[in-house]
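Look at the two chains below before reading on. The paragraphs after them go from one chain as a whole to single residues.

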Amino acid sequence: MSEHDFHPRVKQLLDGDLTLADLPPELRAEGEEALRLLAAVDRRPVAFPTMTERVMLAVNTRPSPAGWRRMLEPREIRLRIRPWVLAPALALAAALIIWIAGPRTAAPAPSLVTVRFVLVAPEAKAVSLAGTFNQWDARATPLVRTGPNGTWTATLTLPAGQHQYAFVVDGVRWVPDPGAPAVDDGFGRRNSVLTL
Amino acid sequence: MRPETQQTDADIVRAVLAGDHERYAVLVERYRDRYARYAARMLGSLDAAEDAVQDAFVRAFDQLAQCKEPDKFVGWFFLILRNRCYAERRRSKAQAPLEAADSLPAVDRTDGGAETAERRRALQHALLELTPDQREVFVLKHVEGLSYGQIAERLNTSVPSLKMRMHRAYDRLREQLREHK
């Protein structure tokens, strides 16, 4: 404790827990010094009157915050959740949720569909999505762990049509979505098929 | 549709995400002044504060889809502004270590005159010598008037740790003010 330190009871005064009258006489002077400090606090309002115009000028030049990978308020048309066991030590369940975005007046993209991919993989340390929509790049589309139960999700907006994909668990294990039809990729692996 | 003044933050966030970008102006109007003072006291410069608040609103717009609880927009926005203020303070400290409270209005003739202004200026200088964590808890409690409980909720921390931070801030401010007398 240095010579500059306020007495603990004076700190209570500064916190508003005591009044000057609550302090013993020997602490009154220190208490008055503390109150002078608080009296110098500048509480005057600060206003930036042109702030709104400046912010709106900036945001009007930017892409929509509900852009291609953002979640709109979707209309859910299908939900499938099926438990699936990959190995005794690694319980996985997968689900694919598809939303079709409602009418969009701002973005003229009527052929785009917002899709949410969900994989329940409690043991996984990382999950990503590889498919025809990202050139099968297993690092391009990571899923985010969104809950304590090991639920991993990613939301994409994809063009209408057919897409093939698989989940990639921990960077090495390619897992088809059991909630979707699958096709052989010609190399001994099964790809899930999503038709939008 | 409800008048703008009755629209909740969540109403506006949803409208903006649905494409009505102009509605974002209502949120900016609603909160710009409340957080202008916080930024000004944290940064010790009106210009830096104005830039920080503007940048935080633009960032919040860009990231609006990530605001998971639209009815808590303001708490979410505050954390964006807070990060921006911390980053700006680190940057300005590296570039101009003596940048301080001089750009805040020093004299307000309607409010106590030169002596009050000098005390305020000295305290603002001393505030800038605190760690950002100490300065923040002081500003939120003694400038913004929040209770320890409210600050703890906003910063997702505990009241005892805030009090410890604040009590160190009191000692440091006292030391600074005595040195500059």
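This is a predicted model: local features need pLDDT of at least 70, side-chain atom pairs count only at pLDDT 80 or more; totals for chains, interfaces and linings use all residues.

Residues are numbered from 1 along each chain as its sequence is written, and chains are lettered from A and ligands numbered from 1 in the order in which they are written.

Chain B has eight helices and zero strands. Here helices (H or I, at least four residues) and strands (E, at least two) are DSSP runs, numbered from the N terminus. Of the 181 residues in chain B, 38% are buried. A residue is buried if 20 or more other C-beta atoms lie within 10 Å of its own, exposed if 12 or fewer, and partly exposed in between, with C-beta atoms placed from the backbone.

Where do the chains meet? In total, 43 residues of chain B are in contact with 35 residues of chain A, contact being C-beta atoms, placed from the backbone, within 7 Å. Helices of chain B that each supply at least two residues to this side include H2 (24-43) and H8 (159-179). The chain B side consists of 22 nonpolar, six polar and 15 charged residues. Ala, Val, Leu, Ile, Met, Phe, Trp, Tyr, Cys and Pro count as nonpolar, Asp, Glu, Lys and Arg as charged, and the others, Gly among them, as polar.

Within chain A, helix H1 (residues 8-15) packs on helix H2 (residues 28-39) at an angle of about 35°, with axes 10 Å apart. The axes are lines fitted to C-alpha atoms, for helices over the stretch in contact, and angles run from 0 to 180 degrees between N-to-C directions. H1(A) contributes Val10(A), Leu13(A) and Leu14(A) to the contact, and H2(A) contributes Glu30(A), Gly31(A), Ala34(A) and Leu38(A).

Next come the loops. Asn134(A) lies between strand S4 (127-131) and strand S5 (141-142) of chain A. Asn134(A) counts as partly exposed because it has 17 C-beta neighbours inside 10 Å.

Most residues other than glycine have a negative phi. Asp170(A), in the loop between strand S8 (162-169) and strand S9 (173-175) of chain A, has a positive phi near 55°. Asn156(B) also has a positive phi near 55°, and its place is in the loop between helix H7 (148-155) and H8 of chain B. With 8 C-beta neighbours inside 10 Å, Asn156(B) counts as exposed.

Methods: Two residues are in contact if their C-beta atoms, placed from the backbone, lie within 7 Å.
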